[in-house]
Amino acid sequence: MASRRFFVGGNWKMNGTKESLGELMGTLNSASLPDDTEVVCAAPSIYLDYARSSLDPKIGVAAQNCYKVAKGAFTGEISPAMIKDCGADWVILGHSERRHVFGESDELIGQKVAHALESDLGVIACIGEKLEEREAGTTEEVVYTQTQVIAENVRDWGKVVLAYEPVWAIGTGKTATPEQAQEVHEKLRAWLRANISDDVADSVRIIYGGSVTGANCRELASQEDVDGFLVGGASLKPEFVDIINAQA
């Protein structure tokens, strides 16, 4: 069994000012963070440069989205090349807010994944079911379909982190129980084993997102197939340090 380095991503979403994010980054820089946990902060694109220049080099920086080509007449978009030029090494793709607020399709997300990886960015690829899909019993079908489209666009799984984020748990205060999270993560790993390879199934980090807090992070982190977190609101608070230390 490959040992998977614990991964904690902070998704700041459309939040923060230079002042408030500067304070947050100062807190992170001075905090005691475990060497065996990889930490990445996803800043709003307008603050990518600021985040990269302010954060300790051991903390990675991600963009929250990018487009599927390197440049062109795409007003309002940013490319992997621009993200790299700001010193960031990661991008979040397929987040439920991109899927459900902005109408991004599986196909578009797949194209973005392919281009980001070709551009040598690491990809935090998000999947997850809505409440009505869970209640209808179609969680597996939904997340397998989303994962399939991502997988079709991946050549090097070493640069991919899969983030399972049940949409009903994002920003709602409802969290999947550790057992619910483990069940889906275990099934996703089995899907990778059946459809990609044993090596990929053993090595790819599958992280959980959806109302992760300092209070619930340790129990979630104790699950065998939960390899970290993608944290929303709590990543803007000092408790983010507690979440990063969930396995400490």
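Before reading off any packing angle, I note that axes are lines fitted to C-alpha atoms, for helices over the stretch in contact, and that angles run from 0 to 180 degrees between N-to-C directions. Also for the record: this is a predicted model.

Entry 1, H7 and H8. I looked up helix H7 (residues 139–151) against helix H8 (residues 178–195): they pack at about 45 degrees, and their axes are 11 Å apart. That angle makes H7 oblique to H8. The crossing of H7 past H8 is right-handed. H7 brings Thr139, Glu140, Val143, Tyr144, Thr147, Gln148 and Ala151, and H8 answers with Val184, Lys187, Leu188 and Trp191. Sorting the residues of this contact gave me 6 nonpolar, 3 polar and 2 charged.

How far apart are the axes of H5 and H7? I get 8 Å, at an angle of about 35 degrees, with H5 covering residues 106–118. H5 and H7 also make a right-handed crossing. On the H5 side I find Asp106, Glu107, Gly110 and Val113, which meet Thr145, Gln146, Val149 and Ile150 of H7.

I found Ser96 in helix H4 (residues 96–100). Buried or exposed? Ser96 has 9% relative accessibility, so I log it as buried, the cut-off being under 20%. Leaving out residues up to four places away in sequence, Ser96 touches Val101, Val167 and Ile170.

Technical notes: Residues numbered from 1 in each chain as written. Predicted model: local features only at pLDDT ≥ 70, side-chain atom pairs only at ≥ 80, totals over all residues. Heavy atoms only, no water. Helix = DSSP H or I, 4+ residues; strand = E, 2+ residues; numbered from the N terminus. Parallel < 35°, antiparallel > 145°, perpendicular 65-115°, else oblique. Left-handed = near helix turned anticlockwise from the far one by under 90°. Contact = heavy atoms within 4.5 Å. Nonpolar A, V, L, I, M, F, W, Y, C, P; charged D, E, K, R; others polar. Buried < 20%, exposed > 50% of the residue type's maximum accessible area, 1.4 Å probe, protein only.
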